[in-house]
Amino acid sequence: MIRVLLAEDQGMMRGALALLLGLEEDIEVVAQVGHGDEVVDAALRTRPDVALLDIEMPGRGGLETAADLREHLPGCAVLILTTFGRPGYLRRAMEAGARGFLVKDGPVEELADAVRRVLRGERVIDPALAAAALSTGPSPLTDRERDVLAAAADGSTISDIAARLHLSESTVRNYLSSAIGKTGTRNRIEAARLARHNGWL
């Protein structure tokens, strides 16, 4: 039996996925969690072969959780399952150690097949998303530019961002200016919107 951990914050979706995967003769869902910060403890307790992680969960997101699992349970294959088919997410998921990346609107048969394939050591990536990632290219933003742009996305003032990130206001302005230039946008709101759309934030 392939032991699967399922991390999905929407209870109905989590239950449906568990039910559908449980119909497969060779797959057993051994843990279900709704918060990203519950994943590692549940994985250490149940020792799954494969972890299915949603990208956007309360606590910790799927990308950070994938990296946590690689550190604490390296034998567990990670498959990212998301509503958000963004090219930057795919690249970041692979960097975090995920072996697969699928969008949720695919058929359940593909999901069961993907679970088997990542366990065999294969990479499983949604083809349309792979093509988009290649055409979009890597994020042009540095880690610090990404942090500042993410903090600016909610409309926070320069002084608020500076206080939150423990930076000077002039440093925040420099990072924002650089991010706007690299994204080819007119202001920080447009830069944040484009970066989020591409999965760079």
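Q: What makes strand E4 (residues 77-82) and E5 count as paired?
A: Two strands pair if DSSP finds at least two bridges between them. E4 and E5 have 4 bridges, in the parallel sense, so they pass that test. One spot to look at is Ile 80, which stands opposite Phe 101 in E5. By the way, this is a predicted model: local features need pLDDT of at least 70, side-chain atom pairs count only at pLDDT 80 or more, and totals for chains, interfaces and linings use all residues. Residues are numbered from 1 along each chain as its sequence is written, and side-chain values use heavy atoms, leaving out hydrogens and water.

Q: What makes both faces of strand E5 (residues 100-103) covered?
A: Gly 100 and Leu 102 on one side, and Phe 101 and Val 103 on the other, are all buried (under 20% relative accessible area, with a 1.4 Å probe and protein chains only). In a regular strand, side chains alternate between the two faces of the sheet.

Q: Why are helix H7 (residues 143-152) and helix H8 (residues 158-165) called oblique?
A: Their axes cross at roughly 130°. Under 35 degrees is roughly parallel, over 145 roughly antiparallel, 65 to 115 roughly perpendicular, and the rest oblique. H7 and H8 are therefore oblique to each other.

Key. Buried means under 20% relative accessible area, exposed over 50%, partly exposed in between (1.4 Å probe, protein chains only). Helices (H or I, at least four residues) and strands (E, at least two) are DSSP runs, numbered from the N terminus. Axes are lines fitted to C-alpha atoms, for helices over the stretch in contact, and angles run from 0 to 180 degrees between N-to-C directions.
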